[in-house]
Amino acid sequence: MDRSFLSHAGVIAASRGFVCIRPLTYESAAEAPFLVNLFRGRSGGLENTVFALLGPDAKTRLCRTGRSPRFAFASPDSMAGAMKQILKKYPDTRPFDRPLPLLPNVRLGLNVSSCDSTPLAIVYSPDEATRTRLQQQLARLAWKPDHVGQVQYCVATKPEELKPLGGKTPRPGILVVQPGIYGDRGQLISAVDLGAQPDELANAIDFGLLASEFQAKSMRFHVSRGQQLGVNWKTAIPVTDPGGRRRGRRRPGN
Amino acid sequence: MTRRAALVLVAAVAAVAAPQVDAAGKIAWYSTLKQGLSVAKASGRPILLLSAAPHCRGISGMW
């Protein structure tokens, strides 16, 4: 991802008026056609990243689409300026409660939270009504200015989904987890049970934010060490980015 | 002015001069098209979309 654009203060500030969507490339066969339709690389297939600014109908293109914001904007400043102009055309007039942004499952939740260096909050309950209630409670917290973008969220319904956490299966509730360096496992750092009051829930999330620790990752070291350790992420659909495939072929045993 | 006082002053000026962003300083992403597109439709807000693969050369934990 192009962090120079996405970590720019003006872009982040403007993003609060957008609905920001980061589909996980190669992790959903259902989503791939939508992404390829937005941007098809020279190979003709889906590339690792796809960038677009779209209208609320998801059809109207508001800038040139491409592999990254660099395809459309000369600099992060120009991207932020364009986003501000777009927001003037879409005034924030409809009252709307944003739902909790959910990752598809615990496996992807751990991986993405590791990529983003954030804790992961898992809504764990076999009962759908309970999960819905807890998600609504968490959503009120997740969009507060001091929490927005700081925590990843996902849902678990069965104990098997929590195997990456190791140890005894936790009781149902909200589980705040520190992801491992490779996002293939996690460590429980705080939890509240199903009957938690909103302030108890907020305390558990805040504690998770304070207690979680992340080291800066160097791509070269992370990849070489991961290969030594036998880390091998399996995507849901084949990787079609030519760069990714070339690199994949060079890797012994892959 | 001592060196320490100068450093404090520089930090204070930098803090005031920095563009204002809420404390989080990160973009909050929906991770699925289903959820994100339904929010966009319901709210009437435009979409910032950037897909990404959560692995680097098959090694998870890094975009």
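This is a predicted model: local features need pLDDT of at least 70, side-chain atom pairs count only at pLDDT 80 or more; totals for chains, interfaces and linings use all residues.
Visitor: How many bridges join β3 to β4 of chain A, and do the strands run parallel or antiparallel?

Guide: In general, strands of a sheet pair through backbone hydrogen bonds, in either a parallel or an antiparallel manner. Here strand β3 (residues 120-124) of chain A is joined to β4(A) by 5 bridges, and the two run parallel. Helix α6 (residues 128-142) of chain A packs on the sheet, where it touches β3, β4 and β5 (173-179) of chain A; the direction of α6 makes about 155 degrees with that of β3(A). Helix α7 (residues 198-211) of chain A also packs on the sheet, touching β3, β5 and β6 of chain A, and its direction makes about 160 degrees with that of β6(A).

Visitor: What is the strand order of the open sheet in chain A?

Guide: The sheet has 4 strands in the order β4-β3-β5-β6, with mixed pairing. Its edge strands are β4 (152-156) and β6 (186-193) of chain A, each of which pairs on one side only. From one strand to the next, the twist averages 25 degrees.

Visitor: Which residues have the most contacts inside the largest nonpolar core?

Guide: They are A:C20, A:A121, A:I122, A:Y153, A:I174 and B:I47, in a core of 79 residues. The core lies between domain 1 (3-89) and domain 2 (106-211) of chain A, because both give residues to it. Beyond its neighbours within four places in sequence, A:A121 is in contact with several residues, including A:L138, A:Y153 and A:I174. The centres of the two domains of chain A, taken over C-alpha atoms, are separated by 28 Å.

Visitor: Is A:A14 buried or exposed?

Guide: A:A14 is buried, because 21 other C-beta atoms lie within 10 Å, the threshold being 20 or more. The residue is found in helix α2 (residues 9-15) of chain A.

Visitor: How many residues of chain B are in contact with chain A?

Guide: As a general idea, the size of an interface is often given as the accessible area lost when the parts come together. Counted by residues, 43 of chain B are in contact with 70 of chain A. The largest share of chain B's side, 9 residues, comes from α2(B). By class, that side has 26 nonpolar, 12 polar and 5 charged residues.

Visitor: Which strand of chain A pairs with β1(B)?

Guide: Strand β2 (residues 50-54) of chain A pairs with β1(B) in the antiparallel sense, over 5 bridges. Within these strands, A:L53 stands opposite B:L48.

Notes: Residues are numbered from 1 along each chain as its sequence is written. Chains are lettered from A and ligands numbered from 1 in the order in which they are written. A residue is buried if 20 or more other C-beta atoms lie within 10 Å of its own, exposed if 12 or fewer, and partly exposed in between; C-beta atoms are placed from the backbone. A nonpolar core is a set of buried Ala, Val, Leu, Ile, Met, Phe, Trp, Tyr and Cys residues joined through C-beta atoms within 7 Å. Domain bounds come from an automatic or database domain assignment. Two residues are in contact if their C-beta atoms, placed from the backbone, lie within 7 Å. Ala, Val, Leu, Ile, Met, Phe, Trp, Tyr, Cys and Pro count as nonpolar, Asp, Glu, Lys and Arg as charged, and the others, Gly among them, as polar. Two strands pair if DSSP finds at least two bridges between them. Axes are lines fitted to C-alpha atoms, for helices over the stretch in contact, and angles run from 0 to 180 degrees between N-to-C directions.
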